[in-house]
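Have the sequence and the model open as you read.

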Amino acid sequence: MKKELRIFFTAMMFLTRLPVPRFTDHSPDYLEKSVRYFPLIGWMVAAISGLTFLIFNKYISEDVAIAASIIAGILTTGAFHEDGFADVCDGFGGGWTKEKILLIMKDSRLGSYGVIGMISVLFCKFLLLKELPKFTPSLHEPSLNIFYNYRYFLLTLFAAHSLSRLMPVLVMRYYEYVSDPDTSKSKPTAAQKPTFPALLVPIITALIPFAFMSWQFLLAIIPVVYIAFSLAKYFKKWIGGYTGDCLGAIQQVSELSFYLSMIIIWRFVL
């Protein structure tokens, strides 16, 4: 149990800025095994974002609450995934060879493609969150419990953050890592392929939120998996595999794809 806790805190330290116990370190062995808890870390990010939304929505407005929840998520992760997405935009937008793309992505400076990509992904995230179904009690079902009133919205956050963090783990399993492990932000986690048994824990964790939704929402998983592996295939075509930045981009695009899929299912399937 102590070892599993240490692995969990390693994942927490790797993916977030949240405080962890002093005994947590960047042990290569624990980092490699920490991928099993990536979706669970997504739960934590969703909980912080969801709580922020509820507080601001109660006292200010829904639009401000959505913006605040996005900012809370960014502060929790230190913009870890957003930074990867921006680097991918710069690399694949400005590079035409494998060497040039990798060189640009390693550059800490943000270019025009990265800025445009970052603005676009945040803007799309705000609009999609605004369009997500938010349960309002009917006259026959009054409730003063704010968690109950917004349960579908909150469950969607939990599902989105956990499922989108599962996608990079799956990509790591089936594609090759191409960047130098000594200079990558994902060192050495991304350099190791998760075993199939190791995938069971993150898969189950990512699917748990769906147990509290209508079964139709499981359909949202299909486009998310398709888009994530389409991105992985695109990365393989250009650079021969993926880098840590590519995994961050996959997480961000998977999250947006899930929100869009949930909206479509809510409006046209249910």
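With which residue does Asp107 form a salt bridge? The partner is Arg109, and the closest N and O atoms of the two are 2.8 Å apart. Keep in mind that this is a predicted model. Asp107 counts as partly exposed because its relative accessibility is 26%, whereas Arg109 is exposed, with a relative accessible area of 64%.

**Salt bridges**

The structure holds 8 salt bridges, including those in this table.

| Pair | Closest N to O distance |
|---|---|
| Asp107 and Arg109 | 2.8 Å |
| Arg267 and Glu131 | 2.4 Å |

Arg267 forms a salt bridge with Glu131. This pair, too, links distant parts of the chain, with Arg267 in helix H12 and Glu131 in helix H7, 136 residues apart. Glu131 is partly exposed, its relative accessible area being 40%. Salt bridges with shared partners also join Glu82, Lys125 and Glu255 into one network.

**Helices and annotated regions**

An unreviewed UniProt entry lists residues 35-56, 110-129, 149-175 and 196-229 under "transmembrane region". In the model, residues 35-56 are 86% helix and 0% strand, with end C-alpha atoms 32 Å apart. For residues 196-229 the figures are 62% helix and 0% strand, and the end C-alpha atoms lie 17 Å apart.

Helix H9 (residues 151-174) has 24 residues. From its first C-alpha to its last, H9 reaches 35 Å, close to the 34 Å expected at 1.5 Å a residue. H9 is mostly covered, with 20 of its 24 residues buried.

Thr205 sits in helix H10 (residues 196-207). Thr205 counts as buried because its relative accessibility is 11%. Leaving aside residues up to four places away in sequence, Thr205 touches Pro39, Leu40, Trp43 and Ser162.

**Cysteines**

How many disulfides are there? The count comes to 0. Cys89 is in no disulfide, and the nearest cysteine sulfur, that of Cys246, is 11 Å away. Cys246 is likewise in no disulfide, and Cys246 counts as buried because its relative accessibility is 0%.

Terms used: Residues are numbered from 1 along each chain as its sequence is written. This is a predicted model: local features need pLDDT of at least 70, side-chain atom pairs count only at pLDDT 80 or more; totals for chains, interfaces and linings use all residues. Side-chain values use heavy atoms; hydrogens and water are left out. A disulfide is a pair of cysteine sulfur atoms within 2.5 Å. Buried means under 20% relative accessible area, exposed over 50%, partly exposed in between (1.4 Å probe, protein chains only). Helices (H or I, at least four residues) and strands (E, at least two) are DSSP runs, numbered from the N terminus. The expected span of a helix is 1.5 Å times one less than its number of residues. UniProt positions are given in the numbering used here, feature names are shortened, and annotations may be inferred rather than shown by experiment. Contact means heavy atoms within 4.5 Å. A salt bridge is a side-chain nitrogen of Lys or Arg within 4 Å of a carboxyl oxygen of Asp or Glu.
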